[in-house]
Structures are given as C-alpha cells and as structure tokens.
Amino acid sequence: MLNIVLFGPPGAGKGTQSELLIAKYNFKHLSTGDIFRANIKNETELGKLAKSYMDHGKLVPDEVTIQMLEAEVNKANSTVGYIFDGFPRTKAQAHALDAFLATKNTSITLMLALEVQEPELRTRLAERAKTSGRPDDAEPSVIQKRIDVYNNETMPVKAYYQTQNKYIGVDGIGTVDAVFNRLIEPLSKLEV
Ligand code: B4P
C-alpha cells in the first residue's frame with residue numbers, strides 16, 4: 001500500500017497532478033479542498049462553516065478538518081493506497097494523520113512536494129479564476145492571504161516529513177506532463 005501526501009502552495013498543481021496519479025496508480029483521492037467545496041455546494045452545516053474560512057483564504061479549523069478526513073478514509077477503505085491532496089496543512093493535522101494511519105497498520109510512504117514560486121502561483125490562480133467560479137481565486141488579496149497562510153502555517157509540515165526522510169521536492173514549473181514525469185520517478189523506484 002502506498003500513501004502519498006501531495007504537497008505544495010495554493011495553485012501549485014496538486015489537484016491537476018492528483019488526477020494523473022490516480023489514473024496511473026488507482027489511488028483513492030482525498031482532497032480536503034474538493035470535499036469542502038462539495039459540502040458548500042450541498043449547503044451542509046460543514047459547508048457553511050468551511051465557506052466562512054475559505055472565502056477569506058484562511059484554513060478551516062484543524063478539529064473539523066481532521067474529523068472529516070478520517071471519516072472519508074474510513075468510507076473509502078482502499079487497499080491500493082491514498083493520495084492526500086491538500087492535507088495535512090498544519091503540523092497538528094500531520095500528527096493526527098500519522099496516529100490515525102497507525103490504527104490501520106499503515107503509514108505515509110512519501111510526501112511529494114510541488115515547488116512553484118509565488119509570481120507563477122498568482123498568475124495561475126488569476127487565470128483559473130476566469131473559469132472556476134471559486135471566490136477564493138477571484139480576489140488578489142485573498143490569493144495573497146492563502147499564500148501567506150501557506151508560508152506561515154503549512155510550511156512547517158515540510159520539516160515534519162523531512163525529519164522522517166519522507167520528503168521529496170519536485171520542480172512544479174513546466175508542462176503538466178513534464179511535472180507528472182518528475183513526480184512518478186520516485187514512485188517507480190518504490191514499485192520495484
Ligand atoms: P485546495 O482545494 O487544496 O486548493 P489549491 O491549493 O488552490 O489548489 P491546487 O494546488 O490543487 O491547484 P490546481 O491543481 O487546481 O484548497 C482550497 C482551500 O480549502 C484552502 O485555502 C483552505 O481554505 C481549505 N482547505 C483545504 N484543505 C484544508 C486543510 N487540510 N486544512 C484546512 N483548510 C483546508 O492548479 C491551479 C491552477 O494551475 C489550475 O488552473 C491549473 O490548470 C494550473 N496548472 C496546474 N499545473 C500547471 C502547470 N504545470 N503549468 C501551468 N499551469 C498549471
């Protein structure tokens with residue numbers, strides 16, 4: 001079983017690359033952003049709560065996010081493995097994920113991190129705003145807030161996996177296919 005954390009700043013291409021990884025490896029995809037957006041669309045209580053944070057570029061509180069993620073893993077019950085896309089985004093989430101996976105006799109195999117610099121992130125998110133209908137893409141000040149939150153609250157998660165020797169940084173600039181080929185290189189070694 002391979003469990004991958006796909007990491008990177010907002011707009012780095014986590015969602016884009018997850019789709020390709022799933023097509024190749026049959027992983028179960030768990031994107032906390034997608035799950036929150038589905039709840040917003042269905043106007044659930046969780047959706048209303050998540051929206052009040054997401055629209056301002058803030059993280060949804062850990063307690064709510066961790067509980068939701070664990071419920072989704074239990075529902076999915078994959079034997080191939082999971083791609084955690086956009087989770088963990090705080091050290092508390094990383095600790096909780098390790099503890100939770102241990103109860104299932106498994107663990108995170110690798111963190112694959114898409115490295116993309118800020119000007120490119122701003123360009124991509126502004127471009128996506130034209131078609132996504134996402135309020136958090138539409139406003140440059142909200143995009144900046146998401147990047148700041150990433151630098152302050154999410155970056156420490158990188159060190160968490162580095163100390164476990166599980167961190168692999170990948171250049172996220174280039175065509176989608178070129179980035180994908182860089183991402184699967186470490187995975188192909190694991191498959192042997
Ligand atoms: P997410 O849904 O995770 O969104 P993201 O970081 O904006 O997107 P991603 O990196 O997946 O970008 P994409 O592939 O689409 O989070 C949204 C919000 O949800 C957070 O701000 C937070 O409020 C909340 N949330 C989610 N998880 C949470 C958690 N664990 N804890 C608390 N809160 C949480 O790519 C972006 C654009 O770039 C696309 O338009 C794409 O076409 C383009 N692109 C991709 N690859 C490219 C390439 N190689 N070259 C050029 N363009 C490319």
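# A walk around the ligand and beyond

Start by selecting Asn-26, which is exposed, with a relative accessible area of 58%. Here, exposed means over 50% relative accessible area, buried means under 20%, and partly exposed is in between (1.4 Å probe, protein chains only). Those areas come from the Shrake-Rupley method with a 1.4 Å probe, and for residues only the protein chains shown count as cover.

Before you click on, a word about what's on screen. This is a predicted model, where local features need pLDDT of at least 70 and side-chain atom pairs count only at pLDDT 80 or more, while totals for chains, interfaces and linings use all residues. Residues are numbered from 1 along each chain as its sequence is written, and side-chain values use heavy atoms, with hydrogens and water left out.

**Stop 1: stay on Asn-26**

Asn-26 sits in the loop between α1 and β2 (28-31). Those helix and strand names are DSSP runs numbered from the N terminus: helices are H or I with at least four residues, strands are E with at least two. Check the backbone here: phi of Asn-26 is near 70°, a positive value in a residue other than glycine. Most residues other than glycine have a negative phi, and most peptide bonds are trans.

**Stop 2: another positive phi**

Now pick Asn-77, in the loop between α4 (62-76) and β3. Asn-77 isn't a glycine, yet it has a positive phi of about 50°. Is Asn-77 buried or exposed? At 61% relative accessibility, Asn-77 counts as exposed.

**Stop 3: a cis peptide bond**

Select Phe-87 and Pro-88 together. The peptide bond from Phe-87 to Pro-88 is cis, with omega near 0°. Pro-88 belongs to the loop between β3 (82-85) and α5 (91-103).

**Stop 4: the ligand**

- Thr-32: an N or O atom in its side chain is 2.7 Å from a nitrogen atom of the ligand.
- Gly-174: a polar backbone atom lies 2.8 Å from a nitrogen atom of the ligand.
- Arg-124: a polar side-chain atom is 3.4 Å from a nitrogen atom of the ligand.

On its own, the ligand has 1,000 Å² of accessible area, and the protein covers 86% of that.

**Stop 5: helix α10**

Follow α10 to Pro-186, which is found in that helix. Pro-186 counts as buried because its relative accessibility is 14%.

**Stop 6**

Glu-139 is in the loop between α7 (135-138) and α8 (140-154). With a relative accessible area of 40%, Glu-139 is partly exposed. Glu-139 and Gly-57 are 82 residues apart in sequence and 9.8 Å apart in space, C-alpha to C-alpha.

Move on to Gln-144, in helix α8. Gln-144 is partly exposed too, with a relative accessible area of 26%. How far apart in space are Gln-144 and Asn-26, where you began? They are 34 Å apart, C-alpha to C-alpha, and 118 residues apart in sequence.

**Last stop: Gln-162**

Finish on Gln-162, in helix α9 (residues 156-162). Gln-162 counts as partly exposed, at 38% relative accessibility. From Gln-162 to Ser-132 is 33 Å, C-alpha to C-alpha, for residues 30 apart in sequence.

Definitions and conventions
Polar contact = N/O pair within 3.5 Å; in protein donor to acceptor, adjacent residues only side chain to side chain.
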